[in-house]
Amino acid sequence: MRTLMRQTALELKLIARMRWPLLLPPAAGAYIWLQLLNLSPTGSQDLYLHMLTALGRLHTFAIGLPVLLGILLVRRDILHHAYEWLRAASISNHTFLLSKVAAGILYLSLIPLFIDLVYLLECWKQGLSLPYSLSQISLVTIHMLVAYAISLVLGITLGVLLPSRFALPVGFCAWVFGSVFIQLFIVSSYSLYPLKAFYLNHLLDNPLILNEGWLGALAGRELARLLPFVLLFGVFLLALSWAVLGHERPERSRRTGWMICLLALMIAAAGYIPYAQMWMERYTDRQLLMEISPQQHLARANEVFAFEVSRVKLDVRLQQDESLAVEARIDFPVRDGRPVSVLDAARPPEYREPGRITFLLHPGMRIKQAFINGKPADYIRTGDRFSIDETLLDSNQEIQSVSVAYEGRITDWGYYGTREFMYAFASRDAVMLPGGMGWYPLPGGDSLFYKSGEHLFERLDTARYFNADFDVTVSGFGSLPLYATLETAPAASDGSQHYTGSDTAAFTLYGGRFEEVRIQGEPITIITTRANRRESERFLEELYERRLYYEEWLGTSLDRIRYIAYFPMDAIDSRYQQWTNERTGNTIFLSEMLHNNLDAYRLHTMLRYMLFGDRSEVSFADKNDSTQSIVYEIRETILDIYNVEHPGKSRFWHRQGMTFTPLSGPGSNRGVSAGEYLSHFLSAAAAEGQIDRLKDTLKHFYEGGLHIKLNEYGGSYIEEEYNGRQYMKITLEDWHRVWDSYKR
Amino acid sequence: MNLSASKLGKRYYGGEWGLRPAELHFGPGMHGLLGPNGAGKTTLMRLLAGLLRPTTGRAELDGLDVIHPRQRQRIGYVPQTFQMYPSLTGREWLMHRVQSSPGKLFPSRRQALEQVEKILLDVNLTSQADRPARTYSTGMMKRLGIAQAMIINPDVIIVDEPTAGLDPEERLRLRNVLAEASLTRIVLLSTHILSDIEASCGSVLVLKEGTAAYQGSLAGLASFGEGKVWTWEAAQDEWRRYGPSRLMSARRTEEGFICRTLAEEPPNRYARLSEPTLEDGYMALIGLPSEGGAFL
């Protein structure tokens, strides 16, 4: 050990005296510092997100350093012909190798050290506590250290196997392969995700690592399973180097060296087993979903089969093995002994299976027993649904009840192109169970997923018309902060959470290492990561000012929204990735991204939700038809009027965004867009002191309902699909008529 | 103390023998190793130092294979080409060698320092000991090579052409250092400079085309020249006619040249037999054409 320590010290001294390596760790720290310095006010203020993004780039390049260093360390002396004398030194081969590895790792650890110091300093400037900041970067730091260590050993092995003139170009290729090529081309092109074990850089474009609240459950668990293999593979590489070095510098019989090498390889292969098991589970689960899901062109709209539900009662328990055990009771009205379609209350839905009432339920859930109106009932489980015989319903009851007890794991992994993600997950460290994922029975419906070629997509319409009263109890998640898109009751003494909702959408359950941000007076709570606290508070303050204004003016309480979930959602599928401002029940999911934040646009989005219950920015007045609805333009005018009355308070003059809608309006306004028209109207009203009249006009329409229902893709329904549940038909003539009626 | 080789041989890829199986024995003292380029000297030294795995036989130091890791601290080796970490000073490296040698007798820093100072003094490097090795001259580098081999106090020192390229003063100093070291150790000295062997070695091993052609005393090697060394005085024309390349030496005098050559028969009627030197004996062993006749 003394020899190893002294030799390590010597190697460190030699690295230090090369001088150029000493410049690199501070340079890495400086790069991160520049990235964190003066964050753009229009971008995310989350230091972790910025650091991680910058680190992904930096690490891609930095990983070349240990490979180069490894080659240099062995080719410089022990395998250099002019240092042959060194082979006679009384230092064993393994001491030589281990000292080089130890010195290399010690030196390379300076890079994460500098990066961490810079990050902690910036966190401290933002008022984040040291333990919290450390917990944020610990996984990343460990990954960097392990990546540097394995890259160093790889470099050493290449150096031992090949002369310098070959080892250096091969090392270059190994760096490019391990840090970029394998993930951007091989793994994603061929969907060979188990080869992630050979990534040298897990920080580049990894959506599972961006959300610090889910970091441990998603990236952390995967890396933890990978770590033993990486370390054991490193040991194998060292054993290989040692065996080859034994040829150049004999110590023991060659057979001994190769036997140890073989043994190390077998142990490393054994170390891969837990990681491989994880991937087998993921691929098996995905394959199951693929098998039961229809091709896109064969899938039918879910609402065709969906029926009304009046009440859902759930008792959800996370079990020891992190599977869910659920007891669900679904109450639904019947008419003439048959369920009521969500599309037309006068008739039943189309039946997915003749004579059977079907529910969508995630295929990972194993049903233990089912009851109809309290009596045990037979059921048929087929793929992602279960069904009961319609004749088992009690024709004397208006409300029927189906109870089902089931359990199973619901951690669904998927990929699309170069991106991997989770459809849903539930563990003790993080939860994301979207309401439409079928983790509780969804009435009717066609399927939970559909496939397009070899790709699997979650369907966004599974719960489109699903509204019910919810009564939910959740337990088993320990101290994990847990949230639902429902009203939250205080936690019970046994740690269980209780949520309720009245006539609300299919609820989503989510949780992670998040914080709740509130300000005095404002009822909305922002669920976010700690680094976003300041920005969230500022956002809530601006929201609160507007709330007071609108509630006083409109005389109504804007209490549709209770929570804003604001954090990176890259780890979960398109539901929150594509539609970054999505509402589920009383919660708005705002996906945090690097280049935008809780800005004025999102403030207006929030106000749309609060005022109108949706975030639609779709105009219907884009036809050459003055009978088309200007409902959208009226909504935008309501938003703008705050800015008119509070000049200088808005960060964003919204009316500039309203000039895109061409309109053939009445009279002299023909050819002007509805947006421009109402914008002029607003300006003129302000100039002529008729703001109050205008507000009365707007309030009149507001009270009539200005909600716009979008389709599952965030767009408007085509004209032929129009029905009264989508939006109000308000024409310009209606506008003028009401405006005239408020003439004073 | 006994360094021996039994059927020690090394065959390289392609089947060519670098050293044919040889039986060798070295006791304490300084032993010369001679042979033309490519005769297998370096191969033999690397085999004896345990740096090369033999194809046949084995080399042992006091009965234990030299390849055994424990033998590393008993054998010091200085190759012909010696390079040192350019950024380290001589003192730093020697201190490291002392302190990182397992089981040696210099446990404390003070003792290690004393040992380093002594060896620096022996090889006359004290004044340059704190300069980075990249600033050392060839001679200083060779002395550092000797010092690093001796600092661990080995039982065997194997040195490959240590005096090549050194000025006479350096050579003498180095020779003396090795001579002193050989009092208690086995020193194997490979060189092309026969005077170094003559001045310090008690025995010599001659390799020829990978075969141990001779192992024994210096006198024994010189005796290979007995009856084959001829001397005569030749005029300039005659010297030219004979061919300078066939002569061992030709010293100019007022009347012509004193010529000396190796041959089985007298080269002319004026030639007289002379007493052979070590060089004569070595050349007689190595350089005589197989069919006899004059030295080339």
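In what kind of crossing, left-handed or right-handed, does α12(A) pass α14(A)?

## Basis of the model

This is a predicted model, in which local features need pLDDT of at least 70, side-chain atom pairs count only at pLDDT 80 or more, and totals for chains, interfaces and linings use all residues. Residues are numbered from 1 along each chain as its sequence is written, chains are lettered from A and ligands numbered from 1 in the order in which they are written, and side-chain values use heavy atoms, with hydrogens and water left out.

## Helix pairs in chain A

Two packed helices are described by the angle between their axes and the distance between the axes. Axes are lines fitted to C-alpha atoms, for helices over the stretch in contact, with angles from 0 to 180 degrees between N-to-C directions. Helices (H or I, at least four residues) and strands (E, at least two) are DSSP runs, numbered from the N terminus.

Helix α12 (residues 533-554) and helix α14 (residues 600-612) of chain A have axes that come within 11 Å and cross at roughly 35°. The crossing of α12(A) past α14(A) is right-handed, a term for the near helix being turned clockwise from the far one by less than a right angle. Among the residues that meet are A:F539 and A:Y550 in α12(A), and A:M606 and A:L611 in α14(A); contact means heavy atoms within 4.5 Å. By class, this contact of α12(A) with α14(A) has nine nonpolar, no polar and four charged residues. Here Ala, Val, Leu, Ile, Met, Phe, Trp, Tyr, Cys and Pro count as nonpolar, Asp, Glu, Lys and Arg as charged, and the others, Gly among them, as polar.

The axes of α4 (residues 64-76) and α6 (residues 93-108) of chain A come within 11 Å and cross at roughly 145°. α4(A) also passes α6(A) in a right-handed crossing.

## A sheet in chain A

An open sheet of four strands has the order β7-β8-β4-β13 (chain A), with antiparallel pairing. β7 (380-382) and β13 (442-443) of chain A are at the edges with a single partner strand each, so one side of each is left without a neighbour in the sheet. Strands pair if DSSP finds at least two bridges between them; β7(A) and β8 (residues 385-389) of chain A are joined by three bridges.

## Contact between the chains

Chain B has 33 residues in contact with 30 residues of chain A. About 3000 Å² is buried between the two chains, and carbon and sulfur atoms give 52% of this area. Buried area is the accessible area (1.4 Å probe) lost by two parts on being put together, summed over both.
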